[in-house]
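Here's a quick briefing to keep beside the model while you click around.

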Amino acid sequence: LAIILVPILATKAGAVSDATTCTQWGSANVDRQAAYARLYLREHGSIAGYGKSPSSVITAINDGCAEAYGDDVSDTTTVVQAIHRTF
């Protein structure tokens, strides 16, 4: 049982990064999402049409991921791809 649960829990419990998929983003808690939003702004800057606050990054990701869910590609679309709608 531990062999099955450890990889599953580790994926959901880990930090959010540029490689995080929309599915994983949806499982991340608000603290992890906010931490990633601050990191994104430091590394990539503001998002055209959304602004330069952490909440704007979260909104951009949520909007892009909603589109990815609708296109049934949320398991393969990263948060960066969701922001830029490149999936």
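Leaving aside neighbours within four places in sequence, Thr78 is in contact with Asp18, Ala19, Thr20, Thr21 and Cys22 (contact means heavy atoms within 4.5 Å). You'll find Thr78 in the loop between helix 4 and helix 5. With a relative accessible area of 17%, Thr78 is buried (buried is under 20% relative accessible area, exposed is over 50%, and partly exposed is in between, using a 1.4 Å probe and protein chains only).

Keep in mind that this is a predicted model: local features need pLDDT of at least 70, side-chain atom pairs count only at pLDDT 80 or more, and totals for chains, interfaces and linings use all residues. Residues are numbered from 1 along each chain as its sequence is written, and side-chain values use heavy atoms, with hydrogens and water left out.

**The overall picture**

- The protein chain has five helices and zero strands (helices are DSSP runs of H or I with at least four residues, strands are E runs with at least two, and both are numbered from the N terminus).
- Going along the sequence, the pattern is α-α-α-α-α.
- Of the chain's 87 residues, 30% count as buried.
- Take the contacts between residues at least 6 apart in sequence: 46% of these join residues at least 24 apart.

**The nonpolar core**

- The largest nonpolar core has 18 residues, and Trp25, Tyr36, Val57, Ile61 and Ile83 touch the most other members (such a core is a set of buried Ala, Val, Leu, Ile, Met, Phe, Trp, Tyr and Cys residues joined through side-chain atoms within 4.5 Å).
- At least two residues of this core come from each of helix 2 (22-27), helix 3, helix 4 (54-70) and helix 5 (79-84).
- Helix 4 gives the most, with six residues.
- As background, nonpolar side chains tend to be buried together in soluble globular proteins.

**The aromatic cluster**

- There are two aromatic pairs in the structure (rings of Phe, Tyr and Trp, the last by its six-membered ring, pair if their centres lie within 6.5 Å; planes under 30 degrees apart are stacked, over 60 edge-to-face, and the rest tilted).
- One is edge-to-face, because the rings of Trp25 and Tyr36 have their planes at 75 degrees, with centres 6.2 Å apart.
- This pair links distant parts of the chain, since Trp25 is in helix 2 and Tyr36 is in helix 3, eleven residues apart.
- Tyr36 and Tyr40 form a tilted pair, at 6.2 Å centre to centre with 55 degrees between the planes.
- Tyr36 and Tyr40 are four residues apart in helix 3, so about one helical turn separates them.
- Ring pairs link Trp25, Tyr36 and Tyr40 into a cluster.
- Trp25 counts as buried at 2% relative accessibility, Tyr36 is buried with a relative accessible area of 1%, and Tyr40 counts as buried at 2%.
- Not counting residues up to four places away in sequence, Tyr36 touches Val16, Ser17, Asp18, Trp25, Ile61, Val79 and Val80.

**Helix 3 against helix 4**

- The axes of helix 3 and helix 4 come within 8 Å and cross at roughly 105 degrees (axes are lines fitted to C-alpha atoms, for helices over the stretch in contact, and angles run from 0 to 180 degrees between N-to-C directions).
- That makes helix 3 roughly perpendicular to helix 4 (65 to 115 degrees counts as roughly perpendicular, under 35 as roughly parallel, over 145 as roughly antiparallel, and the rest as oblique).
- Where they meet, helix 3 brings Gln33, Ala34, Tyr36, Ala37, Arg38, Tyr40 and Leu41, while helix 4 brings Pro54, Val57, Ile58 and Ile61.
- Gln33, in helix 3 (residues 30-44), is buried with a relative accessible area of 12%.
- Gln33 touches Trp25, Ala28 and Ile58, not counting residues up to four places away in sequence.

**Tyr69**

- Tyr69 sits in helix 4 and counts as partly exposed, at 42% relative accessibility.
- Tyr69 and Thr23 are 46 residues apart in sequence, yet 8.5 Å apart in space, C-alpha to C-alpha.
- The Tyr69 side chain reaches the backbone oxygen of Cys22 at 3.1 Å.

Notes
Polar contact = N/O pair within 3.5 Å; in protein donor to acceptor, adjacent residues only side chain to side chain.
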